[in-house]
Amino acid sequence: MRKLKTTVCLITATTTAGLTFHAFNPNSLSDSSPDFPDKIRTAVHGVVRSSRAISTIALTAVDYKFTLRGLPVDSDEYRRKLSEVHFRSAWRILKLCEANKGFYVKAGQFVAALRQVPKEYSSTLSSLQDQAVPCHFKAIQEVLIRNLGHNLSDTFLSLDEQPLAAASIAQVHKAVLKDHQVVAIKVQYPGLEQQMKLDTTTMYFISKSITWFFPEYRFGWLVAEFVQAISLELDFIQEAGNSERTANNFKNNKWVKVPHVFWDLTTKQVLTMEFCTGHKVDDVDYLKERKIDPVKVAKVLLEMFAEMIFIHGFLHGDPHPGNILVSPEGQNGFSLVLLDHGIYKQLNDKFRLDYCQLWKALILLDSKKLQHLGEQFGVAKYSKYFPVIFTGRTVDSTSALGKGMSTKERRKLKQELQSLKMEDISSFMESLPSDFLTILRTDGLLRSIASKLGASQRVRILAYAKYALYGLSPKLNPESDNAIKVKVSQLTAYVSYLQLRLILEVLELLSWIAKVKQLLFNFYEKTGGALVLRGKS
């Protein structure tokens, strides 16, 4: 009861603060105001944004408390009310992100990409992917001048004022260099570093406050992951380095293109790169118009990221559709252009090898190996759920891989999951290594794209299985430098993959035979029974 009163007081205080600042209207402070330099103006805006965020979350906390109070956790009424409050809360947070813009939009996108959050949140917040408002060109021009020099006309033949794309922290403009090279210039919005400090401090405060009111809801791991990612994304020199490293990793891959970086026109706030044409990877209408097979695009996309995870150990952490273009250029009728290299994760090599082993165990449903790897990842208690998370079937499933679960298996899993509490989910997520969390988020985005392209789950599973086996090859071991041994290991990995494919095909055939057998049995029961009754009559 005391916590509930505190919540109400918090709402009252933060709402009053918000209204006071709105009445003061910080937007009326023009850029030319001598009394309010940039730092003061940013601080005032920050307080308004923070008060708005805290009041929204406090109101949401009260909504959960009042809505679910007194309801048995295992009742249908509780689940119905929980879904309703999830939806209301997600809508409030969506409006908060739209009002506060910037890092809040980025945070909303970050949460929407996680399959582990309630579907009401992921579906509602997914609309933030295409909701960035461009910054006025005057402010962009000032950033360019500050970073590249006063005479932009000495560098560019032309520079489009209208941006090609706008995101939460930067926007991209098309330009032509003096040598007639067409480039894309990514320009960071002014004042972001200062804004980030205040916004992320608010997010940490909100996370701790939620945990205080609801001890079983712990989101510190989520805020920490987001802050780490966004900090990397603000350094465009780091992004340019990531881009070049990825280009080198895929230099022999005819399906993948990474735009060339112009280092002499790149700073911490400005990134100049080769201009590449294409459409968003999930634009199915465009693909059909160009006679490009959407499922083939999905397969190439999944194999590209599988190679990053299982072989390179260097993973692009933000593969939403706007960051991957399908270009009609390429030897095979199309190629994938990979953009926005700000968020990357260097996977620990031991983790990478363990993750390769995890996928091998998932394919073979090796429960002992899954248990062992669960211990390695720090979540042994929940290791039996790995097959559900990654392949959509239980550890004792008899269904063919990629075909989902039987009705009986779904019923049993539903009963098990109902026994899990929020405490279990919080414990699972905060115990996972940071590398694992990045993969979960990336995999969630890839699944969404693959689904839009019409690819079955089997396409994804086979891509991951193949590269997991390649990733276990000694070729990736620095101690293995013998050329013959490397070739033998490559051949061994390929043979292992063929063996795995054979096992999968046999299992699928057995599953199909079992289904046919059941259908024939049901048919016999119906027709045989009818014939018996007819004979008696």
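A residue is called buried here when its relative accessible area is under 20%, and partly exposed when the value lies between that limit and 50%. This report applies that term to a predicted model.

**Aromatic pairs**

Across the whole structure, a search finds 19 aromatic pairs.

| Pair | Arrangement | Centre to centre | Angle between planes |
|---|---|---|---|
| F351 and F436 | edge-to-face | 6.0 Å | 70 degrees |
| Y467 and Y470 | edge-to-face | 5.7 Å | 80 degrees |

F351 belongs to helix α12 (residues 349–364) and F436 to helix α17 (residues 434–452), so their pairing ties together parts that are 85 residues apart in sequence. F351 and F436 are both buried.

An α-helix has 3.6 residues a turn, so residues three or four places apart point the same way. Y467 has a relative accessibility of 11% and therefore counts as buried. Y470, by contrast, has a relative accessible area of 23% and is partly exposed.

F351 and F436 also take part in one aromatic cluster, whose other members are F310, Y355, W359, F377, F386, F390 and Y464.

**Helix α12**

Helix α12 has 16 residues, which at 1.5 Å a residue should span 22 Å; the C-alpha atoms at its ends are 23 Å apart, in agreement with that expectation. At the start of the helix, a side-chain oxygen of N348 comes to within 2.9 Å of the backbone nitrogen of K350. Just after the helix, L365 adopts a positive phi of about 50 degrees.

**Charges over rings**

K174 lies over the face of F275, at 4.6 Å from the ring centre. The charged end of R245 is found over the ring of F314, 3.8 Å from the centre of that ring.

**The setting of S89**

S89 is part of helix α3 (residues 76–100). With a relative accessibility of 0%, S89 counts as buried. Its side chain reaches the backbone oxygen of V85 at 2.7 Å. When neighbours within four places in sequence are left aside, S89 is in contact with T60, Y64 and Y121.

Notes: Residues numbered from 1 in each chain as written. Heavy atoms only, no water. Phe/Tyr/Trp six-rings, centres within 6.5 Å; stacked < 30°, edge-to-face > 60°. Helix = DSSP H or I, 4+ residues; strand = E, 2+ residues; numbered from the N terminus. Buried < 20%, exposed > 50% of the residue type's maximum accessible area, 1.4 Å probe, protein only. Lys NZ or Arg CZ within 6 Å of the ring centre and 35° of its normal. Polar contact = N/O pair within 3.5 Å; in protein donor to acceptor, adjacent residues only side chain to side chain. Contact = heavy atoms within 4.5 Å. Expected span 1.5 Å × (residues − 1).
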